[in-house]
Amino acid sequence: LAAPGNAIRSNSYPDIPSRHNLGFALSETGRQSVRFLADFASYPLLWVAAFAAWWWRGPRLDSSAPRRGSRVGTAILVPLAVVYITLFPLYWEYGAVNHTGEGRTYNVTYFCFLVTAVWAVGRVLDETSRGWAVLRARLQMRPALDLVIAGALVALMVTAPGTVHAFRTLPQGPEYLAAQQARETILRASSNRGTALLVNAMTIRPDGLFWGGIAADENHWINGCVASYYGLTSVRTPELTTSNEK
């Protein structure tokens, strides 16, 4: 949120009542926290990986240590609090303008959530496994269990939606690269320096690789960045492609 680009973006948003509104920020962050957890806490891979981290660290089997229910409660509440606290500045700053959140701020929330989720699972398992005689017996089968856990992790990673999506997109990669390199040659051509350039819109747009591109409106912020970088007065695509640009 402190990055210069975010400050510039913030200044471009309208001054609406929900911006810098404590009541709105508190309630909206709560709603968005629920949505965030529903979206990102639903992946089995996260919880299997958290269990694996605890298991391979080595379960604590000191049965003489008393159980402390408050520790389990804390371990459950901390990840929830981390999500809420890291999302709050987003809805305080942008209000109702940006319900989906900025990717860069979601990265912070997701990273913090991952760390606390692994920690929380370890704390809960530490507390609930104390005195479990069966767990001591299972340690004798540890090599087999290690293979089962590792196999589950590999299977979940390979079949994860993001991995499947990436493999489906992969065949378009070489064609997309060739198209980008051809455009790069045109943009870098010394004969085009200081000119207003018209380039064809990208027709190859593999999900996960293509986010946005040169638009028909020469005042589009991407167009301005491209023109400045390559020393052009302006750059745009034909008007007919306006509806296709992101």
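A pocket, found on a 1 Å grid over the protein atoms alone, is an open set of points with protein on both sides within 12 Å along at least five of seven lines, and its lining residues have an atom within 4 Å of a point. Keep in mind that this is a predicted model, where local features need pLDDT of at least 70, side-chain atom pairs count only at pLDDT 80 or more, and totals for chains, interfaces and linings use all residues. Residues are numbered from 1 along each chain as its sequence is written, and side-chain values use heavy atoms, with hydrogens and water left out.

**Exercise 1.** Find which residues lie nearest the centre of the largest pocket, and sort its lining by class.

*Solution.* Start with the space: the largest pocket holds about 260 Å³, a volume being the space filled by probe spheres set on the points, which are joined across faces, edges and corners. Next, look at the 14 lining residues; Q180, R183, I214, I222 and V226 sit nearest the centre. (Helices here are DSSP runs of H or I with at least four residues, numbered from the N terminus.) Finally, sort by class: nine are nonpolar, three polar and two charged. For the sorting, Ala, Val, Leu, Ile, Met, Phe, Trp, Tyr, Cys and Pro are nonpolar, Asp, Glu, Lys and Arg are charged, and the others, Gly among them, are polar.

**Exercise 2.** Work out how α9 and α10 are placed relative to each other.

*Solution.* Take the axes of α9 (residues 173-188) and α10 (residues 221-230): they come within 10 Å and cross at roughly 60°. Those axes are lines fitted to C-alpha atoms over the stretch in contact, with angles from 0 to 180 degrees between N-to-C directions. So α9 is oblique to α10, because under 35 degrees is roughly parallel, over 145 roughly antiparallel, 65 to 115 roughly perpendicular, and the rest oblique. Now for the contact (heavy atoms within 4.5 Å): α9 brings E184, L187 and R188, while α10 brings V226, Y229 and Y230. By class, that's four nonpolar, no polar and two charged residues.

**Exercise 3.** Describe the second largest pocket.

*Solution.* Its space comes to about 200 Å³. Among the residues lining the second largest pocket are Y43, Y110 and L156. Helix α3 gives the largest share, four residues. By class, the lining has 10 nonpolar, one polar and no charged residues.

Conventions
Helix = DSSP H or I, 4+ residues; strand = E, 2+ residues; numbered from the N terminus. 1 Å grid on protein atoms, 1.4 Å probe; cavity = no way out; pocket = protein on both sides within 12 Å on 5 of 7 lines; lining within 4 Å.
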